[in-house]
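Subject: Structure for you, with notes on its cavities

Hello,

Here is the structure I said I would pass on.

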Amino acid sequence: YTKMATVSLGFNIDSPRWDQSTFVGRLKHFLNITDPRTVLVPEEELDRAKALVEGCRAGLVPPGSSQEQLLYAKKLYDSAFHPDSGEKMNFIGRMSFQVPGGMAITGCMLQFYRTVPAVVFWQWVNQSFNAFVNYTNRNAASPISLRQIGVAYVTATGAALATAVGLNLYTKRAPPLLARWVPFAAVAAANCVNIPMMRQQEIINGITVTDDNNNELGRSRRAAVKGIAQVVLSRITMAAPGMIILPIIMERLEKFTFMQRIRVLHGPLQVLLCGGFLLFMVPAACALFPQRCSLALADLEVELRDSIVAKHGDKVPYVYFNKGL
């Protein structure tokens with residue numbers, strides 16, 4: 001980068017390539033940045049991508065760089081660096097790792113659901129994975145202590161285990177398909193606990209809200225609640241098709257003689273099928289709601305609303321914030 005020069009590229013590297021006000025536009029965006037292949041990109045290349053993106057923001061790029069190179073650098077940057085802090089995320093917590101990580105864990109949860117020890121082990125593994133993901137994708141402006149992380153982890157794991165073990169025992173005499181749906185019930189219950197607990201500081205202290213031009217206006221607890229609720233719904237939606245439809249498929253397939261002869265392959269088969277579901281559902285679930293979430297001024301806390309009105313009058317009808325993923 002010693003030969004950097006100011007150039008006019010005619011585009012803003014931070015401008016979304018697709019319309020983020022529509023589901024289809026957001027889906028294309030997240031298909032791009034949740035591409036599981038980006039997990040395999042070396043750390044050095046990620047760092048070069050970050051340098052290129054930051055250089056482009058300053059109007060400086062290496063001579064001869066093409067627009068395609070800049071867009072690919074932005075793809076790598078968005079997949080590996082936190083949108084608030086700009087810090088590199090641990091690879092386990094990146095959304096681009098949701099397909100390989102999620103397919104392995106979900107496939108095993110769906111395969112090993114019959115015994116209590118297996119249920120306990122795989123629910124624990126899943127909640128450990130979720131803890132990494134939730135911490136990594138929190139709103140970075142709201143720090144959380146190690147003690148709070150520990151409480152969130154233990155609480156969510158306890159909720160998942162209580163739901164899974166309780167339903168597992170309850171469905172012993174129920175139709176086999178109901179027992180296969182127990183892991184999804186546990187995952188949904190845990191998400192309702194894990195995400196709010198992991199991001200409790202946002203609910204307690206509020207998160208930073210801005211106007212349409214990214215000027216900070218204050219901190220809002222109601223914005224935090226809205227953002228976290230949307231993330232919970234997105235995560236449950238992400239898991240739902242694979243964990244609801246796949247058990248139906250396996251229940252029917254296992255009645256065939258050829259499937260009964262290859263029981264050892266049932267686990268790997270479920271892992272691969274989970275991967276197929278997640279390949280689409282990860283970006284689709286992330287795209288359910290805009291990442292840059294909005295909240296009407298009238299829905300803010302009275303004190304914050306009055307403060308904004310006193311400073312800006314009626315020029316700020318909505319406030320904006322990063323809801324996390």
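How many cavities of 30 Å³ or more are there? The count comes to 4. Please keep in mind that this is a predicted model. As background, rolling a probe the size of a water molecule over the atoms shows where empty space is left.

The largest cavity

This cavity holds about 260 Å³ of space. Its lining is made up of 18 residues. To find the middle of the cavity on your screen, look for Gln-98, Thr-106, Met-238, Ala-239 and Leu-278, which lie nearest its centre. H10 has the largest share, with 5 residues. Sorted by class, the lining of the largest cavity has 10 nonpolar residues, 7 polar ones and 1 charged one.

The second largest cavity

Here the space is about 60 Å³. Which residues line the second largest cavity? They are Met-109, Phe-112, Tyr-113, Val-119, Trp-122, Gln-123, Ala-164, Val-182 and Pro-183. Both H5 and H8 supply at least two residues of this lining, and H5 gives the most, with 3 residues. By class, the lining of the second largest cavity divides into 8 nonpolar residues and 1 polar residue, with no charged residue.

Regards

Notes: Residues are numbered from 1 along each chain as its sequence is written. This is a predicted model: local features need pLDDT of at least 70, side-chain atom pairs count only at pLDDT 80 or more; totals for chains, interfaces and linings use all residues. Side-chain values use heavy atoms; hydrogens and water are left out. On a 1 Å grid over the protein atoms alone, a cavity is a set of points where a 1.4 Å probe fits but cannot get out, and a pocket is an open set with protein on both sides within 12 Å along at least five of seven lines; lining residues have an atom within 4 Å of a point. Grid points are joined across faces, edges and corners, and a volume is the space filled by probe spheres set on the points. Helices (H or I, at least four residues) and strands (E, at least two) are DSSP runs, numbered from the N terminus. Ala, Val, Leu, Ile, Met, Phe, Trp, Tyr, Cys and Pro count as nonpolar, Asp, Glu, Lys and Arg as charged, and the others, Gly among them, as polar.
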